[in-house]
Amino acid sequence: METISTDVVIIGAGGAGLRTAIALAETDPKLRIALISKVYPMRSHTCAAEGGAAGVIKPDDSFDMHFDDTVGGGDWLSDQDCVEYFIREAPRELLQLEHWGCPWNREADGSVAVRPFGGMQKKRTWFAADKSGFHILHTLFQTSLQFPSIIRFDEYYALDLLVDDGRCQGVTAMEMRSGQLRQFHAKAVIIAGGGAGRMFPFSTNGAIKTGDGMAMAYRAGAPLKDMEFVQYHPTGLPNTGSLLTEACRGEGGILVNKNGRRYLQDYGMGPETPVGKPQLKTMELGPRDRVSQAYWHELQKGNTVSTQWGECVMLDMRHLGEKKINERLPLVRELAASYLGVDIVKDPVPIRPVVHYMMGGISTNTQAATPLPGLFAAGECACVSLNGANRLGSNSLVELLVFGRRAALSALEHIQGLPATNTAALNARAEATQLRIRELFSRTDGTESMSGLRKEMMDTMEKNAGIYRTEEGLREGVAKIDELRERYQRVILTDKTNVFNTDLFQMLELGSMLDCATAVTVGALARKESRGAHQRLDYPERDDKNYLRHTMVYHQGQDAPRVDYLDVVITKSPPGVRDYSGDHK
Amino acid sequence: MKERLVQLEVLRYNPDTDTDAYFQHYEVVCQEEWVVLDALNKIKETIDPTLNYRWSCHMAVCGSCGMMINGDPKLSCHTFLRDYEGVIRVEPLTHFPVERDLVTAPDDFIEKLTRVKPYLIPKKPKPISEGEYRQTPAQLKRYHQFTLCINCMLCYAACPEYGLTPKFIGPAAISLAHRYNQDSRDGGRDERQEIIASKEGVWECTFVGACSEVCPAHVDPASALQQVKIASSIDWFKEHLLPGGGK
């Protein structure tokens with residue numbers, strides 16, 4: 001197996017991975033940086049983020065307010081030292097992107113424009129129409145092209161971390177074009193591999209969001225943190241699951257049920273605000289967890305609209321007018337027209353909540369370091385505990401910048417004065433990957449179909465680990481995912497050739513998703529309270545006495561995982577009441 | 001929901017096992033509102049796991065799923081079955097080498113994109129602590145359309161010139177160079193001009209306009225190329241006809 005020797009390996013070349021790579025290259029031009037991704041960088045799912053990125057920039061705003069919104073939005077499960085670091089770094093990172101050419105929308109005087117977003121008490125979301133993630137990704141990718149020390153390994157599928165002497169020192173990966181295995185030796189590894197939304201059947205996530213980075217870290221001994229917190233975005237297209245950005249509501253769109261009632265007022269987010277005059281942090285600008293949960297209650301009450309794509313509520317943007325829609329929400333208009341046949345200028349569009357984002361992930365601290373020395377993580381794959389139990393819209397695009405850069409700086413510190421790698425030991429570890437892949441190819445007694453297993457996993461997650469959960473449902477979910485992991489050992493590859501074998505990659509991705517699904521269901525079963533995006537019908541209240549702490553799930557081979565807890569860091573905001581009524585202040 | 005039996009003829013090629021490419025016929029029941037990508041996904045899940053193609057976002061923004069559909073370069077996630085009758089022919093994006101089945105190698109495009117320096121080369125560098133560069137909505141509008149390129153490479157597949165002269169830098173890369181040239185914050189035009197105004201640059205373009213017709217992001221690369229040609233001609237006149245090279 002060919003060995004590629006580098007200083008730092010980054011796995012994932014979306015927003016977080018690219019930001020990391022640029023920070024490394026800028027700080028130390030002599031560094032050898034390997035940037036590995038299973039897709040070309042511009043295909044990464046950062047491109048699908050729409051609404052924008054939050055950072056305090058306007059004179060009427062303050063760090064304290066961004067702090068309070070984020071901590072309250074996260075239902076006090078955020079680590080407050082992390083939030084403090086994040087909010088202070090956020091404007092600098094967004095300005096840095098501006099200096100790299102990101103086409104942010106502007107005010108008439110040429111300064112950067114901001115828009116309102118859910119759960120934020122001030123307008124602080126920087127945006128590039130409704131293609132903010134797309135522009136951030138392409139700005140980073142194009143900027144990265146000027147650094148010759150960033151060596152890209154596009155379409156390399158990362159397989160296993162190489163751990164020796166208690167330190168992470170590299171990774172094995174398959175060149176997808178040839179099917180050849182390679183090992184990368186490095187003094188530090190940074191995972192920026194994105195989320196795992198594809199373990200659910202109805203998701204805004206692209207096909208590539210299969211939790212490979214999370215699973216890789218988990219298998220290597222790093223814990224997954226707070227995986228039970230899965231964000232449902234309130235407004236997805238009911239057939240494809242495509243995201244209709246929260247900016248639809250930020251710009252003034254309203255949500256109505258089949259009776260035409262703006263039902264959010266019935267769920268602690270009232271009183272009703274005038275149509276077309278959105279007020280911050282209430283009604284349609286409530287946080288995502290509450291707005292998605294309100295849909296579920298409307299469904300139980302029979303207040304949803306029956307459509308050929310299932311039970312929906314209506315997102316009405318007609319009053320915004322064609323000019324504003326074209327200027328601020330062109331992608332939304334296009335998506336609704338193409339995939340649903342609805343022109344949002346003329347008609348309300350049916351929508352329903354859709355799995356969008358993993359608050360949980362590889363456990364990291366504010367330095368973006370995992371508990372495994374030499375391993376760092378950033379972006380959606382990481383759980384740095386910024387988002388707590390519910391992420392506020394427009395915090396994640398900034399998170400990948402702030403902690404992408406932070407991961408680079410931490411990795412640089414880590415590699416100073418490290419002892420030389422034990423090449424023989426790493427080679428032996430890499431052999432294990434080779435054997436694992438060889439076994440997949442040589443399996444002959446397989447009885448299970450991969451697409452069948454994948455469907456069972458998705459259906460289990462939707463049925464048992466959705467917006468509202470119960471003890472009984474979660475027990476069934478844990479058992480079912482366990483069974484699927486066992487049956488996964490008997491899946492047989494249909495395609496046993498080498499070149500761009502997507503049958504193989506889908507099988508590996510299914511393995512990653514099953515690992516992530518285990519952590520979600522086990523964590524959810526153990527957390528006997530309701531907080532943010534984790535809602536238990538049998539434990540409807542938040543329980544700070546027992547659960548003001550992070551769930552830590554440790555891999556134990558084929559056995560059930562070990563669950564442990566870690567206290568939440570509280571610096572200045574004791575747990576309080578989340579108030580999204582119009583009377584808050 | 002309305003369903004219909006869809007027939008597809010898909011180009012297959014595996015360098016491991018095939019000496020030549022061939023068409024494989026599939027029949028699959030699809031929903032009327034589906035796109036071609038949905039049909040391919042159903043084939044892969046239920047009929048033939050060995051079929052290979054790229055896709056991710058299913059919303060025409062990641063640029064992965066470009067392929068030839070009935071001879072036209074299209075994003076398969078944004079090509080609706082309702083617009084087709086009879087057998088739908090699906091082939092890999094033309095003008096690029098085939099890796100396998102519908103998967104092509106984009107190396108040449110990536111190399112050209114890198115060469116045109118598609119990043120901001122600041123006119124007047126300033127530290128972050130001094131805040132943002134001011135840019136009015138009108139200044140943003142001058143280049144905004146050219147920022148929308150999703151790098152799907154459909155324009156390269158559509159461009160007859162790129163088919164004939166593979167050295168041609170091509171529509172997307174030139175549009176992205178032009179995007180930065182038009183940005184009020186940028187001062188790197190001279191550096192890019194050496195590449196895009198060269199023989200392999202805009203002057204290869206015969207202004208067929210096929211690039212703009214197929215662009216799923218409405219970038220209109222043809223207009224970018226035309227603008228570069230005009231600007232380059234002005235440069236030439238300044239340099240050759242004005243005293244002191246017009247500096």
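What is the handedness of the crossing of α12(A) and α13(A)? The crossing is left-handed, a label used if the near helix is turned anticlockwise from the far one by less than a right angle.

## About the model

This is a predicted model, where local features need pLDDT of at least 70, side-chain atom pairs count only at pLDDT 80 or more, and totals for chains, interfaces and linings use all residues. Residues are numbered from 1 along each chain as its sequence is written, with chains lettered from A and ligands numbered from 1 in the order in which they are written.

## The α12–α13 pair

In chain A, helix α12 (residues 450-464) and helix α13 (residues 471-488) have axes that come within 9 Å and cross at roughly 165°. That makes the two helices roughly antiparallel (angles over 145 degrees).

On the α12(A) side, A:Leu453 and A:Met457 are among the residues that meet α13(A), whose own contributors include A:Leu474, A:Ile481 and A:Leu484. Contact here has C-beta atoms, placed from the backbone, within 7 Å. The contact residues split into six nonpolar, four polar and four charged, with Gly counted as polar.

## Where chain A touches chain B

Across the two chains, 45 residues of chain A are in contact with 43 residues of chain B. On chain A's side, α3 (80-99), α4 (132-144), α9 (330-340) and α14 (502-526) each give two or more residues, and α3(A) gives the most, with five. By type, that side has 17 nonpolar, 21 polar and seven charged residues.

## A closer look at α14(A)

α14(A) is mostly covered, with 22 of its 25 residues buried (20 or more other C-beta atoms within 10 Å of a residue's own). From first C-alpha to last, α14(A) reaches 36 Å, close to the 36 Å expected at 1.5 Å a residue.

Conventions: Axes are lines fitted to C-alpha atoms, for helices over the stretch in contact, and angles run from 0 to 180 degrees between N-to-C directions. Helices (H or I, at least four residues) and strands (E, at least two) are DSSP runs, numbered from the N terminus. Angles under 35 degrees count as roughly parallel, over 145 as roughly antiparallel, 65 to 115 as roughly perpendicular and the rest as oblique. The expected span of a helix is 1.5 Å times one less than its number of residues. A residue is buried if 20 or more other C-beta atoms lie within 10 Å of its own, exposed if 12 or fewer, and partly exposed in between; C-beta atoms are placed from the backbone.
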